[in-house]
Amino acid sequence: MPNYDSPRKQKAAAEYKARIAEAKRKDREREEGGFSERVIAVRMPNWKDDEKRTLRIIPAREAMRFYLDNADDEDAVFDDEAYPVQEMCTHFKVGAKKGIIPCASFYNDEPCAVDDEIKELFASGDEDDAKYAKAMYGGHRFARFVLWRGNPKNEPNKVWAWEMSKTVDTDVIALYMDTKIKDLDMMWEGMDIDVTRNGMGQENTKYQVKDVREESYMVATEDGEFDYEAAEKIYANLPDIFEYNTPFMTYDEVKKVVNGMSVKEVMKERHNDEEAKPEAKEEKPKRGRGRGTK
Ligand SMILES: [Zn+2]
C-alpha cells in the first residue's frame with residue numbers, strides 16, 4: 001500500500017471541504033433540473049474500425065466518496081449497492097428531425113409520447129407506418145462512466161460516458177466475474193480495460209473487451225502515488241450514473257418532437273416561455289404532465 005501521508009495528500013485534504021461544497025452545489029443544480037444546467041458526462045465518440053481504447057471504469061459516485069474518505073482504512077468496505085452502470089432505453093429517429101428521446105415509461109413508469117405514437121402507427125395497418133414505428137422502438141443499451149487513457153483531447157481526468165450494447169455489457173460483467181482479477185472499478189487495485197472495435201456496420205461490428213492483466217491506480221502522480229487531487233477533481237465532475245440519459249422533457253414536449261420539431265427547438269421554446277412569463281399564471285389546457293406547468 002502506498003504512503004498516504006504525503007504532502008500531496010495533506011494539500012488535498014485542505015482543499016477537501018471546498019470541493020465537497022462545490023460538488024454539493026452541482027448536485028443541487030442538477031436536482032433543480034433545467035436542461036442547460038444539467039451536468040452530463042460527455043458521450044465518447046464512436047470507435048473507428050480497428051481502434052483500440054484503454055479505459056478505466058469509474059466507481060459509482062457514493063462508493064468513490066466512501067473510499068476517498070476512508071483511504072487510510074484498508075478494511076473499509078462500501079456495503080451499499082452501487083453499481084457503476086446504467087441501463088438505458090432510448091428512442092432513436094423520432095420525428096422528422098430524428099430526435100433521440102429517453103423513454104419515459106422505462107425510467108419513470110410514466111406515459112411516453114413516443115410509445116403512444118408507435119402504438120398508433122401500428123394500429124393504422126399501413127406498411128410505411130409500421131416501418132417508421134419500428135425505427136422508433138426503444139433500444140436497450142448500457143452506460144458506464146470511464147476515464148479514457150490517452151484521449152485525443154489529452155484530458156486524463158475527464159469523465160466520459162461509454163455507451164454500449166447488451167453484448168458488450170455482458171463482456172464487461174464477465175471480467176467482473178473473473179476471480180483472477182480485482183473488480184475493475186476499484187480505485188487502488190482496479191484494472192484498465194482495452195476495448196477494440198473490429199468491423200463496421202450494424203451486422204459486422206464486434207467489440208473485444210479485455211482487461212490489461214495489471215493492477216493499477218485509477219489515477220497516479222508522476223511519482224507513482226495515488227493522485228488524490230485528480231481523484232477529487234473526477235469526483236466533483238462525476239454525475240450520478242442513474243441520472244445519465246434520463247428523461248428531461250414533458251409528455252407534450254416529446255409530442256412536439258414526434259410531430260417534427262428538433263429537441264433543441266423544443267428546449268429553446270421552453271426557455272423562452274420561462275423568460276416570457278413573469279408572474280401571470282396562464283390557464284393552460286392540462287394535457288400530459290411534468291414540470292412544464294407550475
Ligand atoms: Zn418510450
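Student: How are residues numbered, and what pLDDT do local features need?
Tutor: Numbering starts from 1 along each chain as its sequence is written. As this is a predicted model, side-chain atom pairs count only at pLDDT 80 or more, totals for chains, interfaces and linings use all residues, and local features need pLDDT of at least 70.

Student: Is α4 roughly parallel or roughly antiparallel to α5?
Tutor: Helices here are DSSP runs (H or I, at least four residues) numbered from the N terminus, and α4 spans residues 113-123 while α5 spans residues 127-136. Their axes, lines fitted to C-alpha atoms over the stretch in contact, with angles running from 0 to 180 degrees between N-to-C directions, come within 8 Å and cross at roughly 155°. Because angles over 145 degrees count as roughly antiparallel, under 35 as roughly parallel, 65 to 115 as roughly perpendicular and the rest as oblique, α4 is to α5 roughly antiparallel.

Student: Which residues of α4 make the contact with α5?
Tutor: Two residues are in contact if their C-beta atoms, placed from the backbone, lie within 7 Å. From α5 the contact takes Asp 129, Ala 130, Tyr 132, Ala 133 and Met 136, and from α4 it takes Val 114, Ile 118, Leu 121 and Phe 122.

Student: What is the orientation of α9 to α10?
Tutor: The axes of α9 (residues 251-258) and α10 (residues 263-276) come within 9 Å and cross at roughly 140°. That angle therefore makes the orientation of α9 to α10 oblique.

Technical notes. Helix = DSSP H or I, 4+ residues; strand = E, 2+ residues; numbered from the N terminus.
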